Amino acid sequence: MNKDSNRATSVKIMLLTGIAMIAFAANSILCRMSLGNDLIDAASFTTIRLVSGALCLLAIVILREKRWRPGRPNWLSILSLYAYMACFSFAYQSLSAGTGALLLFGLVQLTMIAVAVIRGERLPASSWIGMALAVGGMVYLVMPGIEAPDPAYSALMALAGVSWGAYSLLGIGKSDPTTSTASNFLYAVPLAALGSIIESDNIFLSGQGALLAVVSGAIASGMGYAIWYRALKSIRASSAAVVQLSVPALATIGGVVFLAEPLTSRIVTATALTIGGIYIALKRPTRHG
């Protein structure tokens with residue numbers, strides 16, 4: 001009975017983790033689908049995504065706790081969240097789904113590893129080699145050439161990755177990350193509204209574009225984060241970091257299937273180098289004896 005129970009729990013955790021990774025990859029596909037087809041502008045996509053995500057997360061918290069009390073705003077977390085959301089949207093005006101996801105998650109992990117080093121964590125030689133491979137993969141991805149993504153939009157996605165890495169680091173140790181994320185989403189809405197006002201001359205949206213933004217915010221972001229935080233209670237931090245490396249590959253496949261994006265040799269090579277390098281960097285040597 002105990003073995004069956006443990007097996008059922010393991011399957012549930014694996015299922016939750018898989019759903020969360022698909023949701024994260026879906027954000028890239030939904031955003032690129034909206035902006036690449038000129039269905040909505042980037043500022044409006046960001047605002048609708050934040051509003052719908054906030055409403056979804058608040059509903060989850062209220063259904064679970066029967067109440068919700070907004071905590072004191074942590075403006076560094078809120079600014080990091082908004083910077084991620086805004087840069088993500090504007091970058092996908094040009095980048096393919098897979099390229100954007102690779103830059104995003106590559107920079108997220110490298111940011112978190114870099115902060116660990118700055119704080120005094122000593123890394124084995126294999127970690128340094130892994131980071132060098134990962135950085136090399138991303139440099140190769142954006143190197144000038146026929147297949148190279150636009151450098152300005154690549155820089156925006158890199159900033160999105162650093163911002164999400166910072167947001168993740170600021171959230172470490174939170175007793176209830178779903179509640180704190182709901183609050184941060186809500187507090188970030190005025191920033192998104194301000195962004196839309198600044199971009200008012202460029203605002204345009206269709207019903208389809210708005211719907212895709214709602215799906216990205218409520219389902220891929222709000223429900224995706226809630227599911228991910230549920231899974232995180234049962235897996236190690238190192239495993240959580242490694243499993244997120246599946247997202248760029250999932251986004252690339254989704255881009256090919258749903259958006260007819262070409263699968264170039266450059267993105268395949270860059271993905272292999274970056275994901276492989278970060279895996280090596282995160283992997284800790286096994287101690288024997």
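Tutor: Happy to; what follows is a set of questions and answers on this predicted model.

Student: Let's start with charges. How many salt bridges does a search of the whole structure find?

Tutor: Side chains of opposite charge can pair when their charged atoms come close. A search of the whole structure for such salt bridges gives a total of 3.

Student: Which residue forms a salt bridge with E261?

Tutor: The closest N and O atoms of this pair are 3.7 Å apart, and the cut-off for a salt bridge is within 4 Å. The partner of E261 is R32.

Student: How many residues apart are E261 and R32?

Tutor: E261 sits in the loop between helix 10 (246-259) and helix 11 (265-282), while R32 belongs to helix 1 (residues 2-36). The pair therefore links distant parts of the chain.

Student: Are E261 and R32 buried or exposed?

Tutor: The word buried is kept for residues under 20% relative accessible area, and exposed for those over 50%. On that scale, both E261 and R32 are buried.

Student: Now for R64. Which residues are linked with R64 in a network of salt bridges?

Tutor: R64 and E65 meet through their side chains at 2.9 Å, N to O. R64 also forms a salt bridge with D176, where the closest N and O atoms are 2.6 Å apart. This second pair links distant parts of the chain, with R64 in helix 2 (residues 42-65) and D176 in the loop between helix 6 (151-171) and helix 7 (177-198), 112 residues apart. The residues linked with R64 in the network are E65 and D176.

Student: Why does D176 count as partly exposed?

Tutor: Partly exposed lies between the two cut-offs, under 20% for buried and over 50% for exposed. R64 falls in that class with a relative accessible area of 39%, and E65 is partly exposed with 39%. D176 counts as partly exposed because its relative accessibility is 24%.

Student: Which residues does Q93 touch, leaving out those up to four places away in sequence?

Tutor: Q93 is placed in the loop between helix 3 (75-91) and helix 4 (97-118), and is partly exposed at 36% relative accessibility. Its side chain reaches the backbone oxygen of F90 at 3.0 Å. Q93 and A42 are 51 residues apart in sequence, yet their C-alpha atoms are 7.3 Å apart in space. With residues up to four places away left out, Q93 touches R32, L35, A42 and Y153.

Student: With which residue does the side chain of S28 make a polar contact?

Tutor: S28 lies in helix 1 and counts as buried because its relative accessibility is 1%. Its contacts, not counting residues up to four places away in sequence, are F88, Y92, A97, A101 and A251. The side-chain polar contact, at 2.9 Å, is with Y92.

Student: Let's turn to the second largest pocket. Which element gives the largest share of its lining?

Tutor: Rolling a probe the size of a water molecule over the atoms shows where empty space is left. The second largest pocket has a volume of about 300 Å³ and is lined by 18 residues, with S96, T99, E147, P262 and T264 nearest its centre. The elements giving two or more residues to this lining are helix 4, helix 10 and helix 11. The largest share, 3 residues, comes from helix 10.

Student: How many residues in the lining of the second largest pocket are nonpolar, polar and charged?

Tutor: Tyr and Pro are counted as nonpolar here, and Gly as polar. By class, the lining of the second largest pocket has 8 nonpolar, 7 polar and 3 charged residues.

Student: One last topic is the backbone. What is the phi of A260?

Tutor: Most residues other than glycine have a negative phi. D38, which is not a glycine, has a positive phi of about 55°; D38 is found in the loop between helix 1 and helix 2 and is exposed at 57% relative accessibility. A260 is found in the loop between helix 10 and helix 11 and is exposed at 66%. Although A260 is not a glycine, its phi is positive, at about 55°.

Key. Residues are numbered from 1 along each chain as its sequence is written. This is a predicted model: local features need pLDDT of at least 70, side-chain atom pairs count only at pLDDT 80 or more; totals for chains, interfaces and linings use all residues. Side-chain values use heavy atoms; hydrogens and water are left out. Helices (H or I, at least four residues) and strands (E, at least two) are DSSP runs, numbered from the N terminus. Buried means under 20% relative accessible area, exposed over 50%, partly exposed in between (1.4 Å probe, protein chains only). Contact means heavy atoms within 4.5 Å. A polar contact is a pair of N or O atoms within 3.5 Å; within protein, one must be able to donate a hydrogen and the other to accept it, and residues adjacent in sequence count only if both atoms are side-chain atoms. On a 1 Å grid over the protein atoms alone, a cavity is a set of points where a 1.4 Å probe fits but cannot get out, and a pocket is an open set with protein on both sides within 12 Å along at least five of seven lines; lining residues have an atom within 4 Å of a point. Grid points are joined across faces, edges and corners, and a volume is the space filled by probe spheres set on the points.
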